[in-house]
Amino acid sequence: MNSADFIIASTYQEIAGSKERAGQYESHMSFTLPGLYRVVSGINVFDPRFNIAAPGADDSIYFPFTSQDRRFTKFHPSIEELLYSQNENDEHIGYLVDKKKPIVFSMARLDVVKNLTGLTEWYAKNKRLRDLVNLVIVGGFFDPSKSKDREEISEIKKMHSLIEEYQLKGQFRWIAAQTDRTRNGELYRCIADTRGAFVQPAHYEAFGLTVIEAMSCGLLSKPTVGRPLVFLAARQKTPFFPLDKKRVRAFSGPN
């Protein structure tokens, strides 16, 4: 970083954090590697080389589900198969029995920070929530041998364990990582058609582009408390509320 002339970050919080939390780059101001290396002045996060350029969502792809004349209907058969087919294959496992239920949806990398297994476990343990909605997540591989990342391998194994332990098949769909941005835009809108919601359960998120995409499609979006998106969404008056423990208990009850 010290050799760079120009550094681009998504948010100020990513660079220098807040009163409550250190920024991602702020943590590099001083650190040690015992017996190897000691840094007394790593990076100055207030250096003008740091610049903020927040990513956005392409409004030709991510637009409200109510704009029926703009919808990418050619993807509807493949999305129907992706969400509701009861066959398991390399693209999806698990299945949804009741297609009338709203869908709680999340899409992210399958790692500890993104916390998709945490969302799955919360859903799995809550009988009332399971009666009310289906859960669909998109992320990662199904086969641990296809990943070279130890953290992802651990999360893959944990996800399989949760599916078996809580007998989630029938209420839960796990879809492999999707790379077609255009179809993903329509996927958000199809989730909105079910009166569903997008949940971003990450322990930490510097920006959270998927939440911006979901909100742009008119999908009710719930990141956890403390994200930069809380302030952005409040300013834009988007369909959003922060997901904290009190709200979770109030919505879903004790079980």
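Visitor: Which residues form a nonpolar patch on the surface here?

Guide: Look for Y12, F46 and I52, which together have about 340 Å² of accessible area. I52 sits in strand β4, residues 50-52. With a relative accessible area of 47%, I52 is partly exposed.

Visitor: What about confidence: what is the mean pLDDT of the protein chain?

Guide: The general idea is that where pLDDT is low, the predicted coordinates should not be read in detail. In this chain the mean is 84, and 84% of the residues reach 70 or more. Residues 230-255 need care, though: pLDDT stays under 50 there. The model does have 48 contacts beyond four places in sequence for that stretch.

Visitor: Now backbone angles. Which residues should I look at?

Guide: Most residues other than glycine have a negative phi. N115, not a glycine, has a positive phi of about 65 degrees. Q167 is also a residue other than glycine with a positive phi, near 50 degrees.

Visitor: Where do N115 and Q167 lie?

Guide: N115 is in the loop between β6 (103-107) and α3 (116-124), while Q167 is in the loop between α5 (150-165) and β8 (171-175).

Visitor: Is N115 buried or exposed? And is Q167 buried or exposed?

Guide: Buried means under 20% relative accessible area, and exposed means over 50%. N115 has 15%, so it is buried. Q167 has 57%, so it counts as exposed.

Visitor: Why is helix α7 described as largely enclosed by the rest of the structure?

Guide: Because six of its eight residues, within 209-216, are buried. They are T210, V211, I212, E213, A214 and M215. Just after α7 comes G218, with a positive phi of about 80 degrees.

Visitor: Last one: how many residues are in the largest nonpolar core?

Guide: It has 27, and those with the most contacts inside it are L83, I103, F105, Y188 and F198. The elements giving two or more residues to this core are α2 (76-84), β6, β7 (134-138), α6 (181-193) and α7. The largest share, five residues, comes from α6. A second, separate core has 20 residues, including L119, F142, I156 and V199.

Terms used:
Residues numbered from 1 in each chain as written. Predicted model: local features only at pLDDT ≥ 70, side-chain atom pairs only at ≥ 80, totals over all residues. Heavy atoms only, no water. Patch = residues over 30% accessible without salt bridge, like charges linked within 9 Å, V, L, I, M, F, W, Y side chains within 5 Å. Areas by Shrake-Rupley, 256 points an atom, 1.4 Å probe, with all protein chains shown as cover. Salt bridge = Lys/Arg side-chain N within 4 Å of Asp/Glu carboxyl O. Helix = DSSP H or I, 4+ residues; strand = E, 2+ residues; numbered from the N terminus. Buried < 20%, exposed > 50% of the residue type's maximum accessible area, 1.4 Å probe, protein only. pLDDT = per-residue confidence, 0-100. Contact = heavy atoms within 4.5 Å. Core = buried A, V, L, I, M, F, W, Y, C linked by side-chain atoms within 4.5 Å.
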